[in-house]
Amino acid sequence: MIKAIVTDIEGTTSSLAFVKEVLFPYARANLADYVRRNIAQEQVKKIVAATGQEINAELDTEQSISQLIQWIDEDKKVTPLKSLQGLIWEAGYQQGDFKGHIYPDAVENLKKWKAKGLDLYVYSSGSVQAQKLLFAHTDYGDLTPLFSGYFDTLIGGKKEPQSYSNIAKNIDIPPEQLLFLSDIKDELDAAKVAGYQTAWLVREDALQAKAGHLQVSSFDHITL
Ligand SMILES: [Mg+2]
């Protein structure tokens, strides 16, 4: 008996393309301008200071901007960069420059499951702040009321069984009563080791033989 659902975002509720082709390029394109315009704000000042600290150097605003862009190009997940991307996305969502993508079948079924009394949680490698922003600004309105909690990699890596145990403990539901949804087999394997039930969202690729997990092309094919 499933009591709650823990879902991944990228490739599961939402398209990979939205994150890769909309969110990240938007943050890069707007980074310099955003920092220059908001440098008087405490949060931005702190990010600039933290950027220098990260490389043990004293950087002015323009040098910090160059460093932050360099990290993006090197695909470094550095805290000041992640914080800044969160602020830039927040501004982008608020200005209506883009909406958080979510597949129609995901919205429909998440709503249905919530109405049936299941609790819904998010576990994604994007920061909790970024997760909330995405679900707060979708074509279907603010979906954050659907979710009872959000987890990012602060709870542990997505391919480590311990992370799933931590989440189960945190929400106080036995792992056997949790269903984890993801598009990545290693994550599903880790959740299964922790005792979760699993469903593999295979939206674009072909179904795999001997997957060891229920495979579905849409949330419509998950029956609880
Ligand atoms: Mg994913």
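**Helix packing and domain arrangement**

Helix H2 (residues 42-54) packs against H4 at an angle of about 155 degrees, and their axes lie 8 Å apart. The model is predicted: local features need pLDDT of at least 70, side-chain atom pairs count only at pLDDT 80 or more, and totals for chains, interfaces and linings use all residues. Residues are numbered from 1 along each chain as its sequence is written. Helices are DSSP runs of H or I with at least four residues, numbered from the N terminus. Axes are lines fitted to C-alpha atoms, for helices over the stretch in contact, and angles run from 0 to 180 degrees between N-to-C directions.

H2 and H4 are therefore roughly antiparallel to each other (angles over 145 degrees count as such). Their crossing is left-handed, a term used if the near helix is turned anticlockwise from the far one by less than a right angle, with clockwise giving right-handed. On the H2 side, Gln43, Ile47, Ala50, Thr51 and Glu54 take part; they meet Thr79, Pro80, Ser83, Leu84 and Leu87 in H4. Contact here requires C-beta atoms, placed from the backbone, within 7 Å. By class, the contact of H2 with H4 has five nonpolar, four polar and one charged residues. Ala, Val, Leu, Ile, Met, Phe, Trp, Tyr, Cys and Pro count as nonpolar, Asp, Glu, Lys and Arg as charged, and the others, Gly among them, as polar.

Helices H1 (residues 16-38) and H3 (residues 61-73) also pack, at an angle of about 160 degrees and with axes 10 Å apart. That angle makes H1 roughly antiparallel to H3. The crossing of H1 and H3 is right-handed. H1 contributes Arg28, Leu31, Ala32, Val35 and Arg36 to the contact, and H3 contributes Thr61, Ile65, Leu68, Ile69 and Ile72. Seven of the residues in the contact of H1 with H3 are nonpolar, one is polar and two are charged.

The chain divides into domain 1 (4-15 + 101-221) and domain 2 (19-94), with bounds from an automatic or database domain assignment. The C-alpha centres of domain 1 and domain 2 lie 28 Å apart. Six residues from domain 1 and six residues from domain 2 form the contact. The side of domain 1 that touches domain 2 has two nonpolar, three polar and one charged residues.

Gly96 sits in the loop between helix H4 (79-94) and helix H5 (104-115). Gly96 is exposed, with 8 other C-beta atoms within 10 Å; 12 or fewer count as exposed.

Terms used:
Helix = DSSP H or I, 4+ residues; strand = E, 2+ residues; numbered from the N terminus. Parallel < 35°, antiparallel > 145°, perpendicular 65-115°, else oblique. Contact = placed C-beta atoms within 7 Å. Buried ≥ 20, exposed ≤ 12 C-beta atoms within 10 Å, placed from the backbone.
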